[in-house]
Amino acid sequence: MGRLQGRKKREPFVLEHASIATGDEKGTVQKDMSVLVSADGRIEQVCPTPLAYVPSGYHRINATGKFVAPGLINAHTHLFADGKPLSGGTDLSPRVVDAALKVVHSPAGRVLMDARIKGTVSTLLNSGVTTIRTLGDVGYEAVRLRDRIDADELTGPRMLAAGPLLAIPGGHGDPFIALSCSSPEEARRRTRENLDHGVNAIKVAATGGVTDATKLGEAGSPQMTEEEMAAVCDEAHEFGVLVAAHAQSPEGVKAALKAGVDTIEHGSALDDEMIGLFLDNPRSLRGFSALDPTLSAGLPLVKISQQELGISDIVRGNSELVVDGMVKSAKQAHENGIAVGVGTDTGMTFVPQYGTWRELDYLVRYADFTPAQAFHAATQVNARNLGFDNVTGSVDTGKDADLIVLDEDPAKNVRTLADPKLVIVRGKPVWRPEVKHFEEIDRLLDSF
């Protein structure tokens, strides 16, 4: 992925006397360090404070007692919702669906959607997330927002925008956030349609999902065929675009991996063949596939009472069918050296946009990660998985200044990530970052 072009100049600054949480797997910390950020938003020097040369005109920020760390990367977001309970599609008539689609795709609906996702992206940024990938949009609103951020019209995270995902007719996401296809040829055409609209990520639905299932057992049931997904991967890879697959069963995960997808979203219990394909996938863009367990989207649906969640019997039942496999997949992948990244499925039921830190906490408590390994997954591993490791993911000279300033070492206590004191994205400081919390949702998420 290339760097931004034509950046506006901004005030250069230096963070002095900081402890740097590097984001490596061991949790290495460098003490009493200075990080110089140039006027073009890149890190130009990282060295012990006594050895730092700070040119005149640099704003000095005393970071004594604070930890400077790479900004978080969330590889699985949806921007159309805020994390309050989604009703699902179980009781929607065709007339209601058609009416809703006309509204969201009208000129007025487009304006409203642009405003909504501007707000959700702001929440992500203020929570310390400096790079995101959307994986299922109503239209191309995320592409438009990404372009405005890249043009320096707005301050926001680096974005990979997928546009609508690709699914079978009536499958997961269809019709609200998906384009449907029923053959390899149509899948290829739909992929090109998204690419022509400027997307720089693609998502397919290998299986049914939880929130829009209409019957028990739909979540995890195979949907797109291996041949259809292979057509998508071939087309996207020709343009250097990574493909993600929603997959919540062994059959779906295996078919998606054989087709050449680059990341599996959610996952299921793994067998030796699947583990081998994750580690060495000849059809993927870069020779390996990664896993985003998205425990944030699954655990609340089985750990919190159905009444408090406000979800239907079908959503609850389908959650119980797939969440155990998601947790097992995360553990097995970690044990076998598979690249496990961090994505939360933001916007889904009880997955607020500001809660990326919880995914790290779940990896520690449910998937046997150390806090250092979980933070590593959300920074350096995610940067590599998404193809940005030459640009972001670590506090290194020459990379973009995507940084967060924290009270504690996140490699020892991931909960400190819930309250960043300063967020810096491509050299732009977000002073006094704040987000609006949903107190009742937070209370329930804190209860398990």
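The model is predicted, so local features need pLDDT of at least 70 and side-chain atom pairs count only at pLDDT 80 or more, while totals for chains, interfaces and linings use all residues. Residues are numbered from 1 along each chain as its sequence is written, and side-chain values use heavy atoms, without hydrogens and water.

Select residues 107–126, helix α2, together with residues 141–150, helix α3, whose axes lie 10 Å apart at an angle of about 60 degrees. Helices here are DSSP runs (H or I, at least four residues) numbered from the N terminus, and axes are lines fitted to C-alpha atoms over the stretch in contact, with angles running from 0 to 180 degrees between N-to-C directions.

Next, show the side where they touch: Arg110, Met113, Asp114, Ile117, Lys118 and Val121 of α2 meet Glu141, Ala142, Arg144, Leu145 and Ile149 of α3, contact meaning heavy atoms within 4.5 Å.

Move on to the cavities, each a set of points on a 1 Å grid over the protein atoms alone where a 1.4 Å probe fits but cannot get out, with lining residues having an atom within 4 Å of a point. The largest cavity has a volume of about 70 Å³, volume being the space filled by probe spheres set on points joined across faces, edges and corners. To find this cavity, select Arg10, Ile149, Asp152, Arg426 and Lys428, which lie nearest its centre among the 10 lining residues.

Finally, select Ser296, Pro300, Phe350, Val351, Pro352, Gly355, Arg358, Tyr362 and Leu445, which line the second largest cavity, a space of about 50 Å³. Helices α8 (295–303) and α11 (356–366) each supply at least two residues of that lining.

Key: On a 1 Å grid over the protein atoms alone, a cavity is a set of points where a 1.4 Å probe fits but cannot get out, and a pocket is an open set with protein on both sides within 12 Å along at least five of seven lines; lining residues have an atom within 4 Å of a point.
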